[in-house]
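This briefing is intended to be read beside the sequence and the three-dimensional structure.

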Amino acid sequence: MNQVKGNSPFAGRTNLLIVIMLLAIAALGCLGPGTNDSSCEGTVSVNGRTYEGKAKDEEQAGLNACNKFCLAEDDRAKAMVRDWLASEAAKEFERKFKRKPTNEDAVIEDKAILDHVTRNCAARCKAEANKGRHTLSTNCH
């Protein structure tokens with residue numbers, strides 16, 4: 001059996017070659033596609049206003065744009081958020097985070113608002129898109 005001994009001229013070259021290969025693999029991994037390279041954008045347009053959402057896939061990007069559309073255009077969602085922002089829960093949020101809560105905070109903090117916006121309104125927004133009231137477009141790059 002032939003074995004390369006530690007003092008063989010090939011031992012140093014073999015180790016160097018292994019180190020170079022590992023560094024090359026690591027460098028190529030860092031240069032590979034990142035999350036931004038495969039991001040998708042969704043846009044809902046209505047009456048000259050646009051609402052944008054981003055995600056890794058086209059379906060979710062459209063839904064995220066619809067979520068923003070719902071917060072701004074859906075009367076029930078607006079009323080639910082307005083009520084939450086005037087609630088004790090919003091005051092507690094402000095004390096805890098030392099800032100006034102936003103509409104998005106209301107959605108995250110209140111399950112009923114979250115359910116209405118994401119399950120009802122956004123699904124309806126997506127289903128009714130491009131049928132007259134508003135348009136929804138998505139683009140992945």
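Where is N47 found? In this predicted model, N47 lies in the loop that joins β1 (40-46) to β2 (49-55).

**Overall architecture**

- The protein chain contains six helices and three strands, and their order along the sequence is α-β-β-α-α-α-α-α-β.
- Of the 141 residues in the protein chain, 29% are buried.
- Among contacts with a separation of 6 or more, 47% are between residues 24 or more positions apart.
- The protein chain has an accessible surface of about 9,900 Å², and carbon and sulfur atoms contribute 56% of this area.

**Confidence of the prediction**

- The mean pLDDT of the protein chain is 84, with 73% of its residues at 70 or more.
- Confidence is highest in helix α3, where the mean is 98, and lowest in helix α1 (residues 9-31), where the mean is 51.
- Over residues 21-35 the pLDDT stays under 50, and the model gives this stretch two contacts beyond four places in sequence.
- Where pLDDT is low, the predicted coordinates should not be read in detail.

**Loop residues with positive phi**

- Most residues other than glycine have a negative phi.
- N47 is not a glycine, yet its phi is positive, at about 50°.
- N47 has a relative accessible area of 64% and is therefore classed as exposed, the cut-off being over 50%.
- Although 87 residues separate N47 from H134 in sequence, their C-alpha atoms are 7.8 Å apart in space.
- N130 also has a positive phi without being a glycine, at about 65°. Its position is in the loop between α6 and β3 (135-140).

**Helix α2 against helix α3**

- Helix α2 (residues 58-73) and helix α3 (residues 75-85) have axes that come within 6 Å of each other and cross at roughly 75°. The two helices are therefore roughly perpendicular.
- On the α2 side, the contact is formed by C70, L71, A72 and E73. On the α3 side, it is formed by D75, A77, K78 and V81.
- The residues of this contact comprise five nonpolar and three charged, with no polar residue.

**Helix α2 against helix α6**

- The axes of α2 and helix α6 (residues 111-128) come within 8 Å and cross at roughly 105°.
- Helix α2 contributes E59, L63, C66, N67, F69, C70 and L71 to the contact. Helix α6 contributes V117, T118, C121, A122, C125 and K126.
- By class, nine residues of the α2 contact with α6 are nonpolar, two are polar and two are charged.
- C70 and L71 are named in the contact of α2 with α3 and also in the contact of α2 with α6.

**A122, within helix α6**

- A122 belongs to helix α6. Its relative accessible area is 0%, so A122 is buried, a class that requires a value under 20%.
- Apart from neighbours within four places in sequence, A122 is in contact with L63, C66, N67, C70 and V117. L63, C66, N67 and C70 are among the α2 residues that make the contact with α6.
- A122 and K68 are 54 residues apart in sequence, and the distance between their C-alpha atoms is 8.6 Å.

**E58, within helix α2**

- E58 is located in helix α2. Its relative accessibility is 43%, so E58 counts as partly exposed.
- Setting aside neighbours within four places in sequence, the contacts of E58 are with C40, T138 and C140.
- E58 and T138 are 80 residues apart along the sequence, whereas their C-alpha atoms are 6.2 Å apart in space.

Technical notes:
Residues are numbered from 1 along each chain as its sequence is written. This is a predicted model: local features need pLDDT of at least 70, side-chain atom pairs count only at pLDDT 80 or more; totals for chains, interfaces and linings use all residues. Side-chain values use heavy atoms; hydrogens and water are left out. Axes are lines fitted to C-alpha atoms, for helices over the stretch in contact, and angles run from 0 to 180 degrees between N-to-C directions. Helices (H or I, at least four residues) and strands (E, at least two) are DSSP runs, numbered from the N terminus. Angles under 35 degrees count as roughly parallel, over 145 as roughly antiparallel, 65 to 115 as roughly perpendicular and the rest as oblique. Contact means heavy atoms within 4.5 Å. Ala, Val, Leu, Ile, Met, Phe, Trp, Tyr, Cys and Pro count as nonpolar, Asp, Glu, Lys and Arg as charged, and the others, Gly among them, as polar. pLDDT is the predictor's confidence in each residue, from 0 to 100. Buried means under 20% relative accessible area, exposed over 50%, partly exposed in between (1.4 Å probe, protein chains only). Accessible areas come from the Shrake-Rupley method with a 1.4 Å probe; for residues, only the protein chains shown count as cover.
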